[in-house]
Amino acid sequence: MNIAYSGIKGAYAQIAASRIFPNEKIVSYKSFYGAYEAVVKKECDYCILPIENSYAGDVSQVLDLLYFGELSIVGVYEMRIVHYLLGNSGCVRENVTKVISHPQALDQCNKYINKMHFESEVVSNTAFAAREVALSNNDTFAAIASRETAKLYNLKIVDEDIGDSDDNTTRFAVIASASSEMFNKGQAFSIVFTVANEAGSLAKAISIIGDRGFNMKSIRSRPSKKVPWNYYFYVEAEGDISTEHGKLMMKELDMCCNNVRIIGNYTEDIII
């Protein structure tokens with residue numbers, strides 16, 4: 001099988017993809033959209049995209065792809081994220097003046113960056129940052145990336161575990177067609193819906209989920225992008241939505257929401 005991810009070799013998404021599908025071909029794409037479209041166009045069987053980080057919150061671009069697109073979540077995996085300061089062979093921490101990385105990685109190491117008085121610069125992903133540092137041959141220039149990336153680009157680990165949080169975890173979604181054999185095999189689900197701009201409409205939708213015995217773990221809102229100040233809601237809940245209770249819940253939501261759709265049915269978060 002071909003498994004798509006966003007970034008280059010050494011990116012956290014590539015590491016996650018390799019752990020989830022250790023015996024399959026892992027294929028690089030330049031963006032979340034590119035990896036997602038690779039599955040839509042059947043160039044790849046699955047794509048691995050981050051949906052949430054315990055420190056930085058949800059990945060809004062991916063939520064939008066799930067809402068506006070046609071694919072579904074068929075698995076969710078948790079991976080601990082440990083950031084390292086990487087430099088060329090002559091680099092020492094005291095001489096570093098500038099660090100580069102993905103914006104979320106920079107945000108997750110913000111206290112460390114400020115403490116060290118580093119200038120920071122945003123690039124598209126952590127592995128690209130490591131490659132840029134390796135090509136620069138500059139000992140005052142460093143990247144924030146993974147241990148695996150240091151080995152790939154022959155960089156030195158200048159400092160380790162530099163993140164602000166001791167429990168920095170990213171949840172990665174395995175995304176595929178709803179016809180995938182992995183779909184409808186889980187004890188958790190994700191749905192998206194919109195409601196009328198009327199008093200109590202959102203509360204009614206949330207009540208229906210609870211009344212049918214499903215434990216709602218999270219709810220997020222995003223602009224619909226079609227009507228100003230109109231939002232869609234992304235909900236994750238525990239339970240098997242394929243049961244009779246799940247089918248009744250979806251019928252009731254269909255009656256009170258403008259539109260509602262199941263975008264995931266999967267096992268509980270698996271640690272990789």
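This is a predicted model: local features need pLDDT of at least 70, side-chain atom pairs count only at pLDDT 80 or more; totals for chains, interfaces and linings use all residues.
Five strands form an open sheet with mixed pairing, in the order β8-β7-β9-β6-β10. β8 (119–122) and β10 (156–160) stand at the edges; each has a single partner strand, so one side of each lacks a neighbour in the sheet. On average, neighbouring strands of this sheet are turned by 30° against each other, direction ignored.

Within the sheet, β7 (residues 98–101) pairs with β9 (residues 141–145) in the parallel sense, over 3 bridges. Ile100 has Ala143 in β9 as its bridge partner. Helix α6 (residues 126–136) packs on the sheet and touches β6 (84–87), β7 and β9. The direction of α6 makes about 155° with that of β9.

**Aromatic pairs**

The model has 7 aromatic pairs. Two of them are listed here.

| Pair | Distance of centres | Angle of planes | Type |
|---|---|---|---|
| Tyr67 and Tyr232 | 3.9 Å | 5° | stacked |
| Phe189 and Phe214 | 5.3 Å | 85° | edge-to-face |

Tyr67 counts as buried because its relative accessibility is 14%, under the 20% cut-off. Tyr232 is also buried, at 0%. Together with Phe68, Tyr67 and Tyr232 form one aromatic cluster.

Phe189 is buried, with a relative accessible area of 0%, and Phe214 counts as buried at 8% relative accessibility.

Key. Residues are numbered from 1 along each chain as its sequence is written. Side-chain values use heavy atoms; hydrogens and water are left out. Two strands pair if DSSP finds at least two bridges between them. Helices (H or I, at least four residues) and strands (E, at least two) are DSSP runs, numbered from the N terminus. Axes are lines fitted to C-alpha atoms, for helices over the stretch in contact, and angles run from 0 to 180 degrees between N-to-C directions. Contact means heavy atoms within 4.5 Å. Rings of Phe, Tyr and Trp (its six-membered ring) pair if their centres lie within 6.5 Å; planes under 30 degrees apart count as stacked, over 60 as edge-to-face and the rest as tilted. Buried means under 20% relative accessible area, exposed over 50%, partly exposed in between (1.4 Å probe, protein chains only).
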